[in-house]
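Welcome! Please take a look at the sequence and the 3D structure shown here, and then follow the briefing below.

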Amino acid sequence: MAENYKVADIGLAEAGQLKIEWAEARMPVLMALRKKYSESQPLKGQRIAGCLHVTKETAVLVRTLKAAGAEVTWSGCNPLSTQDEIAAALAAEGIPIFAWHGQNRDEFYWSIDRTLDNKPTLTLDDGADLITSVHVRHPELIRYVTGGTEETTTGVHRLRAMAAAGALKYPVLAVNDAETKWDFDNVYGTGQSSIDGILRATSVLLAAKNFVVAGYGHCGRGVAMRAKGMGAHVAATEVKPTAALKATLEGIQVKTMVEAASWGDIFITATGMKDVITGAHFDLMRDGAIVCNTGHYDCEINIGDLEERAVSKRTIRDNCEEYVLKDGRRIYLLAQGRLVNLACAEGHPSEVMDMSFANQFLGMMRLAAEGSDMSPKVYDISEAQDQELAAIKLETMGLAVDTLTAEQVAYANDYLEGT
Ligand code: ADE
């Protein structure tokens, strides 16, 4: 039988399996869901196409979806984020997976298309490239799909815009907007993994560096918090006054990017917006400035502007490009402006992806059960799901919460109670 996968090297499967085992030991919520549903197989008959970073944590999700009865096909959602040993391990387990590190644009979309060959009933996205592919390039497949989920802030923004324009043709659950996702994964996951990526790519000391975070949303805030904890002087740039206010009250300096450009030693973008660092900023940067991005797409740093100003370019370390500018200043760009946490490190730690992917799994379950009765809109994850997941997570950590007494519940609902 012809092999139904394309990965860099199937010989890496054993190394990948060990890493997945490592992740499984740190994802107790997802593992409990696997155990709970592997007998009843509620996803039997579902064909799930996934387009999400191929990491050890994602592999735990894929195995869990399969254990619950689904047929799963997979591609990565970023050309530089696939961990080849994980892709090999999943291929060796019989998952039709089309993913390898260092894909070009054509290979990236070819891989997505291969996952669609199976005519999915559900789509699972990180960044909305899969949904967009179905809607724009393969509209003939829409009739098979009962719903989809979306993992990330950028993807949810795009899908809300699509829904507002009347272009979204099936219901989507905004996994990103679950409290047990954004309040943990985006903050602590992005915070730790982005710093991890910067350190693996550069090995520099963070203490006493001037560290600029563009965007003080959940992700930027997480990165700023961790950089500050390691002794960096941290500044944030923002376009939203309330976010800037939050930053300054949390002890983070607020600067415009023009002000920050000549001040910073290290720059990281976390905005979801294009052209956050452009030629005007490169013109002001210090010799030796390090620049990287942790947003979903590689448009936050205008690399064309950097290339225009450079007289030479070389790879000085893995994932670290040195650009020498006309006046002799050197600028170091990490991971070609792509997600520094996934391209230079391993992405968010398993413990935090546990909750994000438990939300993905429950999202798939809900769509399998109810998707055909739902309108083509973007839906939030329910408060009940959030609280249930948080309670299971706490339990796995050996922690408990108190319960309101009947008197306290009555007090909470008594609008006549005064001093
Ligand atoms: N996004 C950020 N970190 C990730 C991880 N470890 N696995 C999958 N997607 C991610």
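What is the strand order of the open sheet of seven strands? The order is 3-2-1-4-5-6-15, and the pairing is parallel. This is a predicted model, in which local features need pLDDT of at least 70 and side-chain atom pairs count only at pLDDT 80 or more, while totals for chains, interfaces and linings use all residues. Residues are numbered from 1 along each chain as its sequence is written, and side-chain values use heavy atoms, with hydrogens and water left out.

- Two strands pair if DSSP finds at least two bridges between them.
- Strands of a sheet pair through backbone hydrogen bonds, either parallel or antiparallel.
- At the edges of this sheet are strand 3 (97-98) and strand 15 (378-380), and each of them pairs on one side only.
- Strand 5 (residues 147-150) and strand 6 (residues 172-174) run parallel and are joined by three bridges.
- T149 belongs to strand 5, and opposite this residue, in strand 6, stands L173.
- With 0% relative accessibility, T149 counts as buried (buried means under 20% relative accessible area, exposed over 50%, and partly exposed in between, using a 1.4 Å probe and protein chains only).
- T149 and G251 are 102 residues apart along the chain, and their C-alpha atoms are separated by 36 Å.

- A second topic is an open sheet of eight strands, with the order 9-8-7-10-11-14-13-12 and mixed pairing.
- Strand 9 (253-254) and strand 12 (310-317) stand at its edges with a single partner strand each, so one side of each has no neighbour in the sheet.
- Strand 7 (residues 210-214) runs parallel to strand 8 (residues 233-237), and five bridges join them.
- One of the partners in strand 8 is A235, which is bridged to V212.
- Strand 7 also pairs with strand 10 in the parallel sense, over four bridges, and A214 has T269 of strand 10 as its bridge partner.
- Strand 10 in turn pairs with strand 11 (residues 289-293), again in the parallel sense and over four bridges, with I290 of strand 11 as the bridge partner of I266.
- Are the faces of strand 10 (residues 266-269) covered or uncovered? Both are covered: I266 and I268 on one side are buried, and so are F267 and T269 on the other.

**Around the ligand**

- The side chain of T55 has an N or O atom 2.7 Å from a nitrogen atom of the ligand.
- For E57, a polar side-chain atom lies 2.9 Å from a nitrogen atom of the ligand.
- H348 uses its backbone instead, with an N or O atom 2.8 Å from a ligand nitrogen atom.
- The ligand exposes 260 Å² when taken alone, and the protein buries 95% of that (accessible areas come from the Shrake-Rupley method with a 1.4 Å probe).

**Cysteines**

- How many disulfides are there? The count is zero, with a disulfide defined as a pair of cysteine sulfur atoms within 2.5 Å.
- The sulfur of C51 is 5.4 Å from the closest cysteine sulfur, in C77, which is too far for a bond.
- C51 is buried, at a relative accessible area of 0%.
- C320 is in no disulfide either, as the nearest cysteine sulfur, that of C344, is 8.5 Å away.
- C320 is also buried, with a relative accessible area of 4%.

- Most residues other than glycine have a negative phi.
- K119 is not a glycine, yet its phi is positive, at about 50 degrees.
- K119 sits in the loop between helix 5 (105-116) and strand 4 (122-125), and is partly exposed at 36% relative accessibility.
- D275 also has a positive phi, near 55 degrees.
- D275 lies in the loop between strand 10 and helix 12 (279-282), and is partly exposed, with a relative accessible area of 36%.

Note on methods
Helices (H or I, at least four residues) and strands (E, at least two) are DSSP runs, numbered from the N terminus. A polar contact is a pair of N or O atoms within 3.5 Å; within protein, one must be able to donate a hydrogen and the other to accept it, and residues adjacent in sequence count only if both atoms are side-chain atoms.
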